[in-house]
Amino acid sequence: METLCVLMALCAAAQLGLAAGMRPLRRTAAGHKMAAGLTGQDANGVPLRRSKRGWMWNQFFLLEEYTGSDMQYVGKLHSDSDREDGSARYVLTGDGAGTLFKIDEKSGDIHATKRLDREEKAYYMLHAKAVNRFTGEALEGESDFIIKIHDINDNEPRFTKDPYVARVPEMADIGTPVIQVTALDADDSTYGNSAKVVYSILEGQPYFSVDPETGMIKTALPGMDREVKDKYQVVIQGKDMAGQMGGLSGTTTVSITLADVNDNPPRFTKTLYEFRVPESTLPGSAVGTLRAVDNDIGENAEMDYRIIGSDGPGMFDVAVNRSTQDGVLVLRKTLDFERKRQFSLRVQVENVHVNPRFFSVGPFRDEASVKVTVEDVDEPPVFERQGYVVEVREDAAPGAVVGSVAASDPDAKRSPVRYSIDRRTDMDRVFDVHAVNGSVFLLRQLDREESAWHNISVVASEFNNHQQSSRVPVYVRVLDVNDNAPTFATNYETFVCENAKANQRIQTISAMDLDEPAGGHRFSFSLAQESTSKANFSVRDNKDNTAWILTRRNGYSAVQKSVHQVPVVISDGGLPARSATSTLTVRVCTCDREGNMKLCNAEALTATAGLSTGALVAILLCVMILLLIVVLFAALRRQRKKEPLIISKEDVRDNVVSYNDEGGGEEDTQAFDMGALRNPEAVEEGKQRRDIAPEACYPPVRRPPAARPTRDRNGDVRDFIEQKIQDNDADPAAPPYDSLATYAYEGGGSVAESLSSLESATTEGEQDYNYLSEWGPRFKKLADMYGADDSDS
């Protein structure tokens with residue numbers, strides 16, 4: 001095969017100055033043909049021969065951004081098989097063939113048709129071959145070559161961000177890194193210095209500097225204080241061609257903020273704080289605000305307050321308002337103007353987060369004095385105790401003192417105190433209190449079984465100012481006295497069989513007592529003395545607060561005596577002891593051999609104290625059945641008597657006939673306003689009835705009632721009914737005159753007027769109730785309760 005020679009390689013290399021790293025096109029054996037060697041045989045046994053090219057390709061170079069008027073010459077293709085007679089045709093394919101690159105088919109010259117930009121495409125892969133123009137036979141095998149676009153410095157450096165934002169702590173040392181900026185150049189970094197960028201600072205000296213190689217910005221001035229200036233604008237330039245003359249450049253802005261560090265201590269705004277607080281201030285209330293300032297911000301300005309000295313330990317505390325960093329002085333205990341009128345405190349403030357680097361600046365704390373003045377307030381009397389518990393025997397006589405309370409005015413003037421009972425806690429007026437010495441005494445007899453405890457309130461008020469008052473609970477315990485006799489624990493119902501044997505137990509009994517002795521109940525049981533001689537039964541005391549009822553003979557006859565009464569004497573163990581007799585009723589019944597009751601006569605059943613539960617249920621059931629039968633019978637009877645409205649067509653006498661004729665127009669339909677039946681309150685005023693004569697619509701002259709005997713107690717009722725009848729007849733909105741009108745008569749007015757509490761005064765002011773005694777004996781109780789003074793003066 002003929003070798004394909006490229007003749008323009010040396011020209012292109014000369015044009016571009018043979019850039020470093022490029023190899024010129026070379027030809028082996030000075031472009032002569034290489035001898036072909038046997039490489040094998042094909043399928044038909046014909047030996048295969050391989051031609052070795054007489055040249056080696058390298059890349060072509062073409063300048064980017066060509067500005068000439070003619071097409072830029074790239075190179076020339078030439079084949080050794082070209083006899084210069086026009087029979088050879090050169091063909092170019094690949095990237096941009098026919099559009100960006102064109103080849104002269106006869107001469108093989110290659111030209112670029114457009115300006116090329118290396119940053120868009122750095123090289124192009126092309127394929128070239130030579131063929132016979134007439135036969136199309138290949139004169140030279142297809143070869144590949146590269147056209148590489150040679151770079152020129154046509155792009156300026158561009159920073160990756162604009163602007164940059166950075167932070168650096170204030171008071172940072174010189175050379176502290178802040179941020180690294182980066183500029184990129186689109187030019188070829190492998191060829192020349194077109195893409196080599198050098199950094200420099202245009203604005204921001206003398207505070208910051210930049211590394212020309214890496215673009216790292218660093219602090220250049222020590223002691224930069226955020227409290228003086230906290231923001232800086234730095235302008236950085238990036239220049240290619242290694243910063244030489246003629247290079248292109250770009251800039252960016254870096255916004256640098258100084259971050260706060262705790263380099264300032266807190267300081268109180270005052271050296272002495274003074275507050276005034278009333279002695280009635282409740283614990284937990286704020287007394288005043290302590291303010292300290294710190295030039296730092298954020299957590300570096302957080303402060304804590306504490307009391308380091310006080311002449312009232314535990315009286316006050318300091319809390320922190322985290323939103324304002326102020327100290328709030330809080331009261332912890334109750335103030336008393338009469339005991340201490342002024343407090344002196346020493347308060348300290350310090351930073352929560354301290355930077356050890358700035359310990360040398362000074363202590364990060366400050367101190368101030370606080371003076372709290374207590375203001376006097378008129379206070380109500382104060383009881384010596386929070387509550388009183390007293391005891392009184394239930395047999396104490398009225399007027400007996402059960403206890404005493406004591407209260408005093410805590411103010412300096414020491415006003416006298418007046419005592420009284422809060423009657424809302426003693427509605428039955430069982431107790432009273434001496435107005436001067438506070439002794440609580442009885443007004444009437446007590447009963448522990450009715451109420452074992454009484455909870456009352458005693459009010460103490462200043463003698464000259466009743467508004468200043470306080471109250472204390474007094475719990476009165478009523479001590480038990482053995483004043484109740486024991487009785488049966490329940491209503492016993494027992495029986496004895498006719499075939500009972502002697503000493504047979506028929507009932508176990510127990511007792512109850514309303515009293516409550518300290519050691520518990522000790523009951524004893526015995527048969528009544530008067531019944532001992534003729535008793536049919538005996539009582540055996542079990543010594544455990546129970547007793548047995550035993551038979552004393554064999555056999556009992558219901559015919560002779562169906563009911564026996566057994567009187568049992570029950571005694572308690574109190575001092576003095578009390579006893580009572582309770583009677584046990586024993587019925588004589590017929591029993592089987594096992595002792596189960598079979599039959600008791602009617603006399604025995606009626607002799608019991610009352611009917612049993614089963615008997616009552618049976619009686620009620622019978623009554624309900626009878627009522628149900630009566631109701632069903634009445635319903636059936638009404639159903640049988642119901643007849644049709646018209647018995648026959650001929651007999652129409654006294655029958656009601658319904659028809660659907662609407663009558664004679666409006667005059668008939670408006671004879672009566674039906675709306676008055678649905679809503680009597682909405683009837684039109686002044687509308688006359690059309691079913692009666694017009695003159696009858698006017699109100700008749702009221703006739704005085706006829707004279708009646710003076711002893712007629714129902715005269716007021718008759719007057720009321722007659723008046724209502726006249727009003728109804730004269731009312732145009734009333735129902736038809738054959739309707740039924742009902743009236744509810746409530747009686748005349750009361751001499752006492754209304755006793756309702758709805759209109760009573762809501763305050764507990766003084767009222768005169770002496771007029772209650774004039775209303776008669778029925779109001780004597782109210783007169784006694786409200787007519788007298790609440791307490792003894």
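This briefing walks through some sheets, salt bridges and surface features of the structure above.

It is a predicted model, in which local features need pLDDT of at least 70 and side-chain atom pairs count only at pLDDT 80 or more, while totals for chains, interfaces and linings use all residues. Residues are numbered from 1 along each chain as its sequence is written, and side-chain values use heavy atoms, with hydrogens and water left out. Helices (H or I, at least four residues) and strands (E, at least two) are DSSP runs, numbered from the N terminus, and two strands pair if DSSP finds at least two bridges between them.

**Sheet S23-S30-S29-S26**

- Here 4 strands make an open sheet with mixed pairing, in the order S23-S30-S29-S26.
- The edges are strand S23 (272–278) and strand S26 (303–310), each of which pairs on one side only.
- On average, neighbouring strands of this sheet are turned by 30° against each other, direction ignored; the axes behind that angle are lines fitted to C-alpha atoms, for helices over the stretch in contact, and angles run from 0 to 180 degrees between N-to-C directions.
- S23 and S30 run parallel and are joined by 7 bridges, with arginine 276 having threonine 373 in S30 as its bridge partner.
- Strand S29 (residues 342–351) pairs with strand S30 (residues 365–375) in the antiparallel sense, over 9 bridges.
- Threonine 373 in S30 turns up here too, as the bridge partner of glutamine 342.
- In a regular strand, side chains alternate between the two faces of the sheet.
- S23 has Tyr273, Phe275 and Val277 on its covered face, and Leu272, Glu274, Arg276 and Pro278 on its uncovered one.

**Sheet S32-S39-S38-S35**

- Another open sheet of 4 strands has mixed pairing and the order S32-S39-S38-S35.
- Strand S32 (388–393) and strand S35 (417–421) each have a single partner strand, so one side of each has no neighbour in the sheet.
- In this sheet, neighbouring strands are turned by 30° against each other on average, direction ignored.
- Strand S38 (residues 453–462) and strand S39 (residues 469–479) run antiparallel, joined by 9 bridges, and tryptophan 453 sits opposite arginine 477 in S39.

**Around strand S12**

- Strand S6 (residues 60–63) runs parallel to strand S12 (residues 138–150), with 4 bridges joining them; phenylalanine 60 stands opposite isoleucine 147 in S12.
- Strand S11 (residues 123–132) pairs with S12 in the antiparallel sense over 8 bridges, and alanine 130 stands opposite glutamate 140 in S12.
- S11 and S12 make a hairpin with 5 residues between them, and glycine 136 in the turn has a positive phi of about 80°.

**Salt bridges**

- The structure has 25 salt bridges, each a side-chain nitrogen of Lys or Arg within 4 Å of a carboxyl oxygen of Asp or Glu.
- Aspartate 326 and arginine 291 meet through their side chains in one of 3.0 Å, N to O.
- Aspartate 326 is in strand S28 (residues 326–331) and arginine 291 in the loop between strand S24 (286–290) and strand S25 (292–293), so this pair ties together parts 35 residues apart in sequence.
- Aspartate 326 counts as buried at 6% relative accessibility, while arginine 291 is partly exposed at 45%; buried means under 20% relative accessible area, exposed over 50%, and partly exposed in between (1.4 Å probe, protein chains only).
- Arginine 471 and aspartate 422 form a salt bridge of 2.5 Å, N to O.
- That pair links distant parts of the chain, 49 residues apart: arginine 471 in strand S39, and aspartate 422 in the loop between S35 and strand S36 (431–433).
- Arginine 471 is partly exposed at 47% relative accessibility, whereas aspartate 422 is buried at 10%.
- The side chains of aspartate 480 and arginine 448 also meet in a salt bridge (2.9 Å, N to O).
- Arginine 448 is buried, with a relative accessible area of 10%, and salt bridges with shared partners join Arg448, Glu449, Asp480 and Glu516 into one network.

**Asparagine 264**

- Asparagine 264 sits in the loop between strand S21 (249–259) and strand S22 (267–268), and counts as buried at 15% relative accessibility.
- Its side chain makes a polar contact of 3.4 Å with the side chain of glutamate 227, and one of 2.9 Å with that of aspartate 296.
- A polar contact is a pair of N or O atoms within 3.5 Å; within protein, one must be able to donate a hydrogen and the other to accept it, and residues adjacent in sequence count only if both atoms are side-chain atoms.
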